[in-house]
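Colleague: I would like to go through this model with you, starting with its helices. Could you begin with a term that I shall need?

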Amino acid sequence: MARARGHTVARQMLVWQLLVVLVIVIGGTGLAWFDARRDSRADARSQTLDVSLAVAASPTVADALDDLEPSAVLQPYAEQVRTSTGTDFVVVMSTEGTRYSHPTPSNIGKKFLGHIEEALAGERFTEDYTGTLGPSVRAVVPIEQDGEVRGLVSVGITTERVDDEVLTALPRIVAAALAIGLLGALGAALANRRLRRQTHGLGEQEITRMYEYYDAVLRAVREGLLLLDPTGRLTLMNDEAARLIGLEPSAVGSTVDRLGLEPALVAELTSGSSLQDAVHVVGDRVLVVNQAPARWDGRDVGSVVTLRDRTELQSVTAELDTVRGLAEALRAQNHESSNRMHTMVSLIEIGRTSDALDFATRELDVARRLTDRVVESIDEPVIAALLLGKTTQAAERGVALTIEPATTATGLTTTAHEAVTILGNLIDNAIDAAQSSDDRRVSVTITSTNHLLHVRVEDSGPGIQPADRDSVFVRGWSTKPDGDSGRGIGLALVGQVVRRRGGRATIGESALGGAAFDVTIGADA
């Protein structure tokens with residue numbers, strides 16, 4: 001695909017990353033400098049305060065204050081302390097601020113430059129002040145004896161010396177900043193290389209155009225589209241896919257097994273194999289699912305899943321199957337009627353008129369009793385027609401279908417085709433199961449009103465194991481052979497209607513020896 005070339009996203013990101021690294025390095029160096037300067041001043045305050053306290057507590061100082069010439073003792077003592085502690089001045093003074101010691105002897109006897117009020121009140125403190133030696137960090141401490149302030153001690157370090165100590169740390173700060181800068185530049189280069197590979201060297205306008213095109217395509221297609229990465233994680237879905245399987249946009253990033261899909265569909269989507277027109281029931285929808293692997297430059301990048309809604313088509317197909325069953329039942333009845341007619345004609349031809357009449361009356365009486373019982377107990381024509389047809393269909397397949405006397409139908413709480421879906425599929429499943437038994441019996445009990453539908457279908461088949469009962473109404477479970485194209489759809493459709501109507505479907509053991517299906521919709525289920 002031809003495209004206009006410009007600065008790639010990777011190159012622009014590299015420039016921005018380098019600028020960010022530069023700003024961080026400069027800012028970090030400045031912060032480190034100010035932090036080191038602050039720490040150095042704090043150390044100086046702590047040191048001067050400690051030395052001041054030690055001098056104030058010295059007996060030599062206390063004794064010297066009683067002498068006529070305190071400077072004779074205090075000046076050499078103060079200079080010795082100043083030299084040994086590395087401070088710039090140690091000044092012992094009277095309560096009036098007259099100096100008894102000073103690094104510059106000519107300043108002895110002069111007034112101390114600084115604040116002494118707090119010390120005279122018995123408090124110790126530190127401050128920054130400009131004295132005879134220039135700006136300094138100093139501490140002032142009272143010399144107390146018997147609770148009385150007899151003198152003061154001030155110890156200080158010049159600000160210039162404090163800053164010189166910070167300058168000695170500057171090469172280490174700069175070296176650390178350069179190392180961080182180099183690491184940041186190396187990281188930016190590695191990130192640029194990876195980004196360039198992942199964006200295929202595209203510029204921001206090209207990526208924007210591609211996104212707009214792809215987003216338009218995803219919204220325009222009428223099929224649901226899912227993109228899964230190699231680990232089975234959902235990376236993209238269009239609006240139609242979200243609608244079909246009932247997902248929120250927040251589902252992107254979740255694995256397939258956390259999307260609330262049926263286990264059979266999850267197993268197929270995570271199997272790594274391709275799918276072609278697989279039919280699954282998801283929620284209240286019947287979907288046709290296709291899956292194909294996605295590859296780029298020979299690498300497996302996941303798979304593409306398409307979803308087509310077949311719910312309405314499946315419902316129509318189910319109704320068509322029911323109509324086809326009724327037609328088959330009518331054909332069977334026609335065939336049986338023809339056989340009975342030939343039998344009666346033959347009996348009349350051989351002069352057995354009374355036997356012919358008895359035969360015809362007996363057959364008609366059986367059919368009439370069945371029809372009368374259904375018509376008397378079932379007012380809904382759809383249910384009545386379905387039961388009559390299924391009875392004949394079962395008889396043709398060698399299964400005795402019994403409509404229990406408790407059956408009544410005075411109305412429908414579902415639509416007609418939903419009722420056909422539930423009854424038809426449950427009875428068909430029961431007939432299939434009963435054919436594998438020696439007894440071959442199916443029992444149906446229906447209670448249908450405008451507010452309640454309760455269906456109980458029992459069979460004499462092999463039954464359903466308790467471990468399998470939770471998966472019976474999931475697409476893929478069936479007693480039919482694996483090659484049957486309709487395998488696992490009928491009961492899944494029943495489950496779909498029950499869920500949509502907020503009903504309840506349970507499976508238990510039948511008195512006939514097989515399974516008993518109970519479906520309840522309405523009347524709070």
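Modeller: The expected span of a helix is 1.5 Å times one less than its number of residues. Please also keep in mind that this is a predicted model.

Colleague: What span should the 16 residues of H11 have at 1.5 Å a residue, and how far apart are its end C-alpha atoms?

Modeller: The 16 residues of H11 should span 22 Å, and the end C-alpha atoms of H11 are 22 Å apart, so the two values agree.

Colleague: And for the 19 residues of H12?

Modeller: At 1.5 Å a residue, H12 should span 27 Å; its end C-alpha atoms are 26 Å apart, which agrees.

Colleague: How do H11 and H12 lie, and at what angle do their axes cross?

Modeller: Helix H11 covers residues 381-396 and helix H12 covers residues 416-434. Their axes come within 10 Å and cross at roughly 20°. Angles under 35 degrees count as roughly parallel, and therefore H11 is roughly parallel to H12. The crossing of H11 and H12 is right-handed.

Colleague: Which residues make that contact?

Modeller: From H11, the contact is made by Val382, Ile383, Leu386, Leu387, Lys390, Gln393 and Ala394. From H12, it is made by Ala416, Val420, Leu423, Gly424, Ile427, Asp428 and Ile431. By class, the residues of the contact of H11 with H12 are ten nonpolar, two polar and two charged.

Colleague: Which residues of H11 are buried?

Modeller: The buried residues of H11 include Ile383, Leu386, Leu387, Lys390, Gln393 and Ala394. Those residues also take part in the contact with H12. Ala384, Gly389, Thr391 and Thr392 of H11 are buried as well.

Colleague: How many residues of H12 are buried?

Modeller: In H12, 15 of the 19 residues are buried, so the helix is largely enclosed by the rest of the structure.

Colleague: How do the axes of H12 and H13 meet?

Modeller: The axes of H12 and helix H13 (residues 490-500) come within 9 Å and cross at roughly 140°. The crossing of H12 and H13 is left-handed. H12 contributes Glu418, Thr421, Ile422, Asn425, Leu426 and Asn429 to the contact, while H13 contributes Gly490, Leu491, Leu493, Val494, Val497 and Arg500. Six residues of this contact are nonpolar, four are polar and two are charged.

Colleague: How many of the eleven residues of H13 are buried?

Modeller: Nine of the eleven residues of H13 are buried, so H13 is largely enclosed by the rest of the structure. Among them are Gly490, Leu491, Leu493, Val494 and Val497, which also belong to the contact with H12.

Colleague: Which residue other than glycine has a positive phi near 55°?

Modeller: Aspartate 146 has a phi near 55°, a positive value in a residue other than glycine. Most residues other than glycine have a negative phi. Aspartate 146 lies in the loop between strand E3 (134-145) and strand E4 (148-158). With a relative accessible area of 80%, aspartate 146 is exposed.

Another example is arginine 440, which is not a glycine but has a positive phi of about 55°. Arginine 440 lies in the loop between H12 and strand E12 (441-448). At 31% relative accessibility, arginine 440 counts as partly exposed.

Colleague: Is valine 266 buried or exposed?

Modeller: Valine 266 has 15% relative accessibility and therefore counts as buried. Valine 266 lies in helix H8 (residues 263-269). Beyond its neighbours within four places in sequence, valine 266 is in contact with Val256, Asp257 and Leu261. Valine 256 is ten residues from valine 266 along the chain, and their C-alpha atoms are separated by 6.3 Å.

Colleague: Last topic: how many helices and strands does the protein have?

Modeller: The protein has 13 helices and 15 strands. Of its 525 residues, 41% count as buried. Among contacts with a separation of 6 or more, 56% are between residues 24 or more positions apart.

How values were computed: Residues numbered from 1 in each chain as written. Predicted model: local features only at pLDDT ≥ 70, side-chain atom pairs only at ≥ 80, totals over all residues. Heavy atoms only, no water. Axes fitted to C-alpha atoms, helices over the stretch in contact; angles between N-to-C directions. Helix = DSSP H or I, 4+ residues; strand = E, 2+ residues; numbered from the N terminus. Parallel < 35°, antiparallel > 145°, perpendicular 65-115°, else oblique. Left-handed = near helix turned anticlockwise from the far one by under 90°. Contact = heavy atoms within 4.5 Å. Nonpolar A, V, L, I, M, F, W, Y, C, P; charged D, E, K, R; others polar. Buried < 20%, exposed > 50% of the residue type's maximum accessible area, 1.4 Å probe, protein only.
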